[in-house]
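Here is a friendly tour of one protein model, written for someone who likes to know the cut-offs behind each term. Have the viewer open and follow along.

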Amino acid sequence: MLPEYWRWPLGKKEAVIDGSVVPEYILGELNRTSFQESSGDALRLRLEKDGYIFFPELMDIKEIQEARNEIFKRLFEVDELEEPYYEGRFSYRSRRDELYNDRGAFWETVSNGKLLRNVSNGPVLKRVTSQIFGTPTVGFDYLFLRAVPQGRFTHLHCDSGFFTRGTNEVLTCWIAFTEIPLDNGPLFIVEGSHKFIDIHKSFKDFDVVLNKEQKASIDEHPASFASKRNAKLLTTTFTPGDVLIFGMDTLHGAFENYAADNRIRLTCDIRYQPRNKPKDPRYFGVNPGGTTGAGYGELNGARPLIEDWHIR
Ligand SMILES: O=C(O)CCC(=O)C(=O)O
């Protein structure tokens, strides 16, 4: 339970999780890395040391804007965004279920937008991840596109229980399509968490589908979790085109979007692995089944924006 003074009302822009303000002293800034100025060895060292690599403005801004508009237009067509659609403001309405009888099929077509795929599965991330692994890589076909309206946040977790059935050599690439200041719910990383031995032990060999007795997310409030370990929640004001890459053991989550102007947060996360390592068939090919096998319908993104999210 958090002390009462952590709660609303909010002053200036603050980080919030589930209605609680995160104390400022727990927040820290992500280290920034320039891809152009880094060798493969330098990138591997950075990943080993920090558990993540943050590349500001890695992607071409025009391609990011085009992909964003492609997605916003689809959300506007189901009445979830206000006009003009390119501002990405949540309408608090939805006609998604009325217009499409299959949520998964709808979300799959949005996730397969050509302009979005240019960014997520295009040459830039392939080049960057190949440089990190030191061998050619492939991006997963199954994509986690997230249009995040007000009131949503992502619980603390690491990605190993989802993506390491084929190989442990997997990296998550998280891409910002909108500007994401603190009130818009940016992603955060728990400083040094890829080296927390107890966490590593409890999630080693954990598979979110097979080990039903264990949850992927950590229930403890990320602020108290971090504070007990003298760690900070590392984040930044993301700008469109920023990419954050992290390993499977790195604990992360996302702050709550409480932006008063109703702007949604648009991001996607995709995984890359060496091309010569075994692939988990759930995430590759046409109509991939995704984590549970239910396809794109299992994602929070497939839910109309007016509907709450599930927690795994
Ligand atoms: O974007 C978010 O809210 C969460 C992203 C995430 O959990 C991931 O990329 O693994």
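Predicted model: local features only at pLDDT ≥ 70, side-chain atom pairs only at ≥ 80, totals over all residues.

## Strand E9 and its partners

Strands E9 and E12 run antiparallel and are joined by 3 bridges. Helices (H or I, at least four residues) and strands (E, at least two) are DSSP runs, numbered from the N terminus, and two strands pair if DSSP finds at least two bridges between them. Leu-187 has Ala-254 as its bridge partner in E12.

A residue is buried if 20 or more other C-beta atoms lie within 10 Å of its own, exposed if 12 or fewer, and partly exposed in between, with C-beta atoms placed from the backbone. In a regular strand the side chains alternate between the two faces of the sheet.

Residues are numbered from 1 along each chain as its sequence is written.

The pLDDT is the predictor's confidence in each residue, from 0 to 100. Its mean for the protein is 94, and 96% of the residues reach 70 or more. Over residues 1–11, pLDDT stays under 50, and the model has 12 contacts for them beyond four places in sequence. Two residues are in contact if their C-beta atoms, placed from the backbone, lie within 7 Å.

## Strand E8

Strand E8 is mostly covered, with 6 of its 6 residues buried. Leu-171, Cys-173 and Ile-175 point one way, while Thr-172, Trp-174 and Ala-176 point the other way.

E8 has antiparallel links to two strands described here: 5 bridges join E8 to strand E11 (residues 243–247), and 6 bridges join E8 to E13. Leu-171 is the bridge partner of Gly-247 in E11, and Ala-176 is that of Thr-267 in E13.

## Around the ligand

Which residues surround the ligand? They are Arg-146, Thr-154, Asp-159, Thr-172, Trp-174, Leu-187, His-252, Ala-254, Thr-267 and Asp-269. By class, the shell has 3 nonpolar, 4 polar and 3 charged residues; Ala, Val, Leu, Ile, Met, Phe, Trp, Tyr, Cys and Pro count as nonpolar, Asp, Glu, Lys and Arg as charged, and the others, Gly among them, as polar.

His-252, in strand E12, deserves a look of its own. His-252 counts as buried because 26 C-beta neighbours lie inside 10 Å. Leaving out residues up to four places away in sequence, His-252 touches Leu-187, Phe-188, Ile-189, Val-190 and Phe-246. His-252 and Cys-158 are 94 residues apart in sequence, yet their C-alpha atoms are 6.3 Å apart in space.

## Helix H6

In helix H6 (residues 123–133), the buried residues are Val-124, Leu-125, Val-128, Thr-129, Ile-132 and Phe-133. Seen down the helix axis, they fall within an arc of 150 degrees, so they line one face of H6. The arc is that of the directions from the helix axis to the C-beta atoms. An α-helix has 3.6 residues a turn, so residues three or four places apart point the same way.

What covers these buried residues includes helix H1 (40–50), strand E5 (137–139), E8 and E13. Just after H6, Gly-134 takes a positive phi of about 75 degrees.

## Backbone details worth checking

Glu-83 and Pro-84 are joined by a cis peptide bond, with omega about -10 degrees. Pro-84 sits in the loop between helix H2 (61–77) and helix H3 (96–99).

Glu-57 lies in the loop between strand E4 (52–55) and H2 and is partly exposed, with 16 other C-beta atoms within 10 Å. Asn-287 belongs to the segment after strand E13 (265–274) and is exposed, with 12 such atoms within 10 Å.

Key
Near = placed C-beta within 6 Å.
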